[in-house]
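The sequence and structure come first.

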Amino acid sequence: MISDFLRISPKIACLPIIHGSGDYAIEVRRRMLAADFDCLAVPLPPSFQSDVERAVDLLPSISAVLQDESRFLRDDELASEDDSAEEGGPSCSYVPIDPCQGVIAGLRIALQEQMPRAFIDRETACFEPQTAVLPDPYALKRVSLERFSAAVLPAIGPPRRAQQLRRCIAMGDRLRELETRHSSILFICSLIDWPWIRDAYRERSTLGEDDDSVEPTRIATVNAATLAFFLGELPFVTAAYEQARANLDDDENLSIDGVKSLVLAARDRYRGDLKSLARAVTPKLMSLYFQYVRNLALVERRMTPDLYSLVVAAQQVFGDQFALHVAETAREYLDTGPAPFARMQMGLGQARLPDGEVVAMKNRLPGQAVVWRRCELRPRPLRPEQLRWRMQWNPYSQCSWPPEDVSIERFRTHVKDAALALLGNDLARTEKFTTSLKDGLDLRETLRNWHTGELYVKIFPPVRGSLDCVIMLFDAPADPRDYPWRITWHAESHDESTLSFFATDFLKETVGPGIALSTYGGAMFLFPPRPIRDIWRDRRFDFTDTLEERLIAAGCFYSREKHVALLSAAPPGPGIRRLARKYRRKLVHIPMSRFSQATIQQLRMFHVLNGREVRSFAAHFIRRA
């Protein structure tokens, strides 16, 4: 039941809502089904009634009811107050047929229950939407609608524009007319209009003037790719509300559970898209991600996160690729089949109508004040663009991207230092303490000889020699069908290594004009650089059976040092060690588990440029993993 606090009169119960909120839509449904009303009044003009009710019947197909605004029938008083309004530009006011819109949810139930509906707003030739910064509607899960409205009431200022005041007076006047025909009326209105409509009703204010002359309305289906600019909730979350409604599932907490489902769906698509190249999305990292999202929401004084918080947190925790999947998944809505009306494309305060005209858009049911922020993400190119770039590729001009060269060379140096440290550990010895602690106290040996009272110290003699060959096996055993590209690249400068590697076919993943993406399966680095023959065409290594064996054989052959560093997930087997002994070399194994798997996955992905001139604009197209 609705308390006296929300009643305008004994016959009129009011539900002040925040437009575009799924939590308020659920509250409207609960209140309407818990009481008996013989009329539903909504804050929309009568000219919209026919098309709005027709579009509501077609849900879950998302559409907009449009009304062209006159460029000349502009209210003089309104024009003097609205200095920011565009003069002479085409504009439309519209009603969003959004399942998470409280007014639309109420009309949907009223149509199903065959309850009379009354559209009581004033007809305006040039509508001025009123938004405000209001508390997060998720508070309704713990606080009643009456307490929520009472808490917000002191912060609701008086009407800022003459049109808003006239509309409130007109709606109060028409509510008095409805009282003469109905005994129990439910009025759904905006939270920021509610106090002034109540005051206009009780003071029995009247305008004494007719409504504006307005254009007829029409319906347009909203393009699914632009629903993020149209709906109050995220399209994915809105689809979750519709699926729960169709399956009779619990939807009381979908404003949070829907966000969790969104992230999990993005994770599955991320794994399916990148497969073995995807970063490990572990439960621990997911817990860290959701904690980060919660903190971002609290910083913005919200209880539920917005799309910006979800994407920024995904970018910081999992990288650009995962953030891109979160953004793309959030924009997806239900497949509702063929569009019942001509399609329009929505944008930031603008729309491209079915006839191609771009107009300014004004929401008749405006909700929270929205702030759009920029987040730098590289979108995936469309398939036709990839095919065009692939056809334009010059096979005789290829080079690498310098930032990735620097990263892989730093990692090579890190692996070499780890191998030298292991060589030093093999030469370590322990002796009794005499006059110096040498390289530190050996606790294990000291405790073993505790009964003698002697101290023992460690000695790490300097490592003799160095390492000039580092071999990295990222995927072992490697399937030759997955890594058809095998080549030897010579260094462009003295800071780079001579590089031989096997990798995926870069032409299958073009990311920009003259820019392709490939993935290392394995690589051999010789530093200082030196000219060598292409190991993949050198007949001296034809005795090997696998890609890894050929890489190791070439590394041992061209190495000038006794030891060769080998980075791999598993230690080399007896056959690999015999292969190294054939060239009188010894492999120093570095487990891949010593390094971050996210770093390994990022280093494996590298870009091939179709000429040095491409380096000038490659950063605009290259996306980080």
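The model is predicted, and local features are drawn from positions with pLDDT of at least 70.

**Helix pairs**

| Pair | Axis separation | Angle |
|---|---|---|
| Helix 8 (residues 235-247) and helix 9 | within 9 Å | roughly 115 degrees |
| Helix 9 (residues 254-274) and helix 10 (residues 283-299) | within 12 Å | roughly 135 degrees |
| Helix 16 and helix 17 | 9 Å | about 30 degrees |

Helix 8 and helix 9 are roughly perpendicular to each other, and their crossing is right-handed. On the helix 8 side the contact is made by Phe 236, Val 237, Ala 240, Tyr 241 and Ala 244. Helix 9 contributes Leu 254, Ser 255, Gly 258, Val 259, Ser 261, Leu 262 and Ala 265 to that contact. Sorted by class, the contact of helix 8 with helix 9 has nine nonpolar residues, three polar ones and no charged ones.

The crossing of helix 9 and helix 10 is right-handed. Lys 260, Val 263 and Leu 264 of helix 9 make the contact with Met 286, Tyr 289 and Phe 290 of helix 10. Five residues of the contact of helix 9 with helix 10 are nonpolar, none is polar and one is charged.

Helix 16 and helix 17 are roughly parallel to each other, since an angle of about 30 degrees falls under the 35 degrees used for that class. Helix 16 passes helix 17 in a right-handed crossing. In this pair, Glu 549, Ile 552, Ala 553 and Cys 556 of helix 16 meet Ile 576, Leu 579 and Ala 580 of helix 17. The contact of helix 16 with helix 17 comprises six nonpolar residues, no polar residues and one charged residue.

**Helix 17 and its surroundings**

Helix 17 spans residues 574-582, and its buried residues are Ile 576, Leu 579 and Ala 580. Viewed down the axis of helix 17, these buried residues fall within an arc of 100 degrees, so they line one face of the helix. Helix 16 (547-558) and strand 21 (586-591) are included in what covers them. The face of helix 17 turned away from the buried side carries the exposed residues Pro 574, Arg 578, Arg 581 and Lys 582. Just after helix 17, Arg 584 takes a positive phi of about 60 degrees.

**Two buried residues**

Asp 121 lies in the loop between strand 6 (117-119) and helix 5 (145-152). The relative accessible area of Asp 121 is 0%, so this residue is buried. Which residues is Asp 121 in contact with, leaving aside its neighbours within four places in sequence? They are Val 42, Pro 43, Leu 44, Pro 45, Pro 46, Arg 167, Met 171 and Arg 174. The C-alpha atoms of Asp 121 and Ala 41 are separated by 9.4 Å, although these residues are 80 residues apart along the chain.

Gln 601 is found in helix 18 (residues 597-604). With a relative accessibility of 13%, Gln 601 counts as buried, because buried means under 20% relative accessible area. Leaving aside its neighbours within four places in sequence, Gln 601 is in contact with Ser 276, Leu 277 and Ala 278.

Methods: Residues are numbered from 1 along each chain as its sequence is written. This is a predicted model: local features need pLDDT of at least 70, side-chain atom pairs count only at pLDDT 80 or more; totals for chains, interfaces and linings use all residues. Side-chain values use heavy atoms; hydrogens and water are left out. Axes are lines fitted to C-alpha atoms, for helices over the stretch in contact, and angles run from 0 to 180 degrees between N-to-C directions. Helices (H or I, at least four residues) and strands (E, at least two) are DSSP runs, numbered from the N terminus. A crossing is left-handed if the near helix is turned anticlockwise from the far one by less than a right angle, and right-handed if clockwise. Contact means heavy atoms within 4.5 Å. Ala, Val, Leu, Ile, Met, Phe, Trp, Tyr, Cys and Pro count as nonpolar, Asp, Glu, Lys and Arg as charged, and the others, Gly among them, as polar. Buried means under 20% relative accessible area, exposed over 50%, partly exposed in between (1.4 Å probe, protein chains only). The arc is that of the directions from the helix axis to the C-beta atoms. Angles under 35 degrees count as roughly parallel, over 145 as roughly antiparallel, 65 to 115 as roughly perpendicular and the rest as oblique.
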